[in-house]
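This report describes the packing of one protein chain. Please keep the sequence and the model at hand while reading.

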Amino acid sequence: MRCSPSRCCSVYSLARIVAVAPGSGWLRKACCWLAGVVGLLLSLSPAAGAAEYRPLPPAAPTGLGSDWLIHTPASNKLVLYLPGYHAPARAYYQWVNIRPGQPFRITFAARQQLTLFLDNQLVFRAPSTANYTLDLATLLPAGSKSTTHLLCVWHPEQSPNYASFANAAAPEPKAGRTQGAARWQPQPRLAGHEGENIFLCFLLLIGLLYGAIRTIYRPGFARIYELWSNTAGEQNFLSRPTITWLNLLLVLIFSLSLGLLIVAIHTNVQSLVILRRLFAISESGLVLRVLTYAVVVASFVLAKVVYLSLMGYIFNVSSLVLVQYREFVRSLLFMGLFLPIVMLLYLVLNQTWPEGVLLVSNGVVSLMLLATVFRVARTLHRRTSLLNLHLFSYLCTTEIIPLTVLLKLLVITS
């Protein structure tokens, strides 16, 4: 039988006491027998063995984790939130361990009116849409003695962007006299948005593609982007085939520009809840997100000719389908020239004026879609009067209803 060091020390100490104890021989034998019995009982004691091999409790977490909880009304409990299983919620919870006297700094992106609670008490409300850094240790309710607190992230209208919550780096200490020489060393540039380099690479690629196409297909490029040309030139374009290599390349570049703008504007600040339900893409995979949205936009533009053909057959206006689709493509490609300019505005002003950049971007996208519908309606009205209720219903089905859906997806995200 294997004996622990603590037990051996106890028996050894008792044996030494017996060895030096004065008295007759029978007394020493009795004491030795008693020491052996005590040692045997100590070695067989289950309580002592359990105390020796009892595992240590796990260390308390020192920051935010990646697992969030949501409240289930059926069981009235907090359960682990699984993005692919549960529907997005308006409130997310997490147990945090805040120790007295130690900072607990977090950083997150918040929409306006995003609210934080600690132990069901309001501690913060976002006054505007921006990125924030807070120290939860300074926001604890008065009289709080426990180190474990329940953090709640809640928004009254939309699903909060819980994935943007992360532990913030500790602030660097101020340089003193002993660090005077370090002030003359080159200092690292402050990091901006995590995807600035990716966005700049995509923007450079879009500019190179536009320049290459303009150089190779100069006459066709000029015909497409002369939107306010004379009637003869416009009629010449509307009578040409739509599915050409030039048009396909321009549609792909337009889709890449719009997908890049969508990802840039809605990363960390806005969240396309409907598209997130359709495409489960992580917040950090910016390249994959840009390509995914570009494929979605290109598929929508190219598949609309099938939708127009079906609606033209139902409304018995098949003769207007090709003219309508050609005008739709040309107007959309012309408006797409302004998307790289908006992207530049985002890269320059997003850190200092995020609300204005978001407003301008959503305004440009809305005007682009509205102008496309207006141009299509104008072209159709020149051929057949839209005062006819039958044709007006066709225009509503093919242009106005899709416009409403796109505005809801891209602009009105609440």
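Leaving aside its neighbours within four places in sequence, which residues is K304 in contact with? The model is a predicted one, and the contacts in question are with Y325, F328, T398 and E399.

K304 is found in helix α9. Its relative accessible area is 5%, and since buried means under 20%, K304 counts as buried. One of its contacts, E399, also belongs to the α13 side of the contact between α12 and α13.

## Overall architecture

The protein chain comprises 13 helices and nine strands. Of its 414 residues, 41% count as buried. Among contacts with a separation of 6 or more, 73% are accounted for by residues 24 or more positions apart.

## Helix α4 against helix α9

Helix α4 covers residues 196–216 and helix α9 covers residues 286–315; their axes come within 10 Å and cross at roughly 40 degrees. Angles over 145 degrees count as roughly antiparallel and those under 35 as roughly parallel, with 65 to 115 taken as roughly perpendicular and the rest as oblique. The α4 and α9 pair is therefore oblique. The crossing of these two helices is right-handed.

On the α4 side, the residues involved are I198, F199 and F202, and they meet L286, V287, V290 and L291 in α9. By class, this contact has seven nonpolar residues, with no polar and no charged ones.

## Helix α12 against helix α13

Helix α12 (residues 354–383) packs with α13 at an angle of about 175 degrees, and the two axes are 11 Å apart. The two helices are therefore roughly antiparallel to each other.

From α12, the contact is made by N362, V365, S366, L369, L370, V373, V376, A377 and L380; from α13, by L395, E399, L403, L406, L407 and L410. These residues divide into twelve nonpolar, two polar and one charged.

Not counting residues up to four places away in sequence, Y394 touches L308, M311, G312, F315, V317, V321 and Q324.

A further spatial relation concerns N316. Y394 and N316 are 78 residues apart in sequence, while their C-alpha atoms are 9.6 Å apart in space.

## Aromatic pairs

A pair of aromatic rings is described by the distance of the centres and the angle of the planes. Ring centres within 6.5 Å define a pair, and by this rule the count comes to 14 aromatic pairs. F108 and Y132 form a stacked pair, at 6.0 Å centre to centre and with 25 degrees between the planes. The pair links distant parts of the chain: F108 is in strand β4 (residues 105–110) and Y132 is in strand β7 (residues 130–135), 24 residues apart. Both F108 and Y132 are buried.

The rings of F315 and Y394 have centres 5.8 Å apart and planes at 65 degrees, so this pair is edge-to-face. Elsewhere, ring pairs link W68, Y81, Y92, F108, F124, Y132, Y162 and F165 into a cluster.

## Positive phi angles in two loops

Which phi value does N76 adopt? Phi of N76 is near 55 degrees, a positive value in a residue other than glycine. N76 lies in the loop between β1 (69–72) and β2 (77–80). With a relative accessibility of 59%, N76 counts as exposed.

Q113, which is not a glycine, has a positive phi of about 75 degrees. Q113 lies in the loop between β4 and β5 (115–118). The relative accessible area of Q113 is 37%, and this residue is partly exposed.

Definitions and conventions: Residues numbered from 1 in each chain as written. Predicted model: local features only at pLDDT ≥ 70, side-chain atom pairs only at ≥ 80, totals over all residues. Heavy atoms only, no water. Axes fitted to C-alpha atoms, helices over the stretch in contact; angles between N-to-C directions. Helix = DSSP H or I, 4+ residues; strand = E, 2+ residues; numbered from the N terminus. Left-handed = near helix turned anticlockwise from the far one by under 90°. Contact = heavy atoms within 4.5 Å. Nonpolar A, V, L, I, M, F, W, Y, C, P; charged D, E, K, R; others polar. Buried < 20%, exposed > 50% of the residue type's maximum accessible area, 1.4 Å probe, protein only. Phe/Tyr/Trp six-rings, centres within 6.5 Å; stacked < 30°, edge-to-face > 60°.
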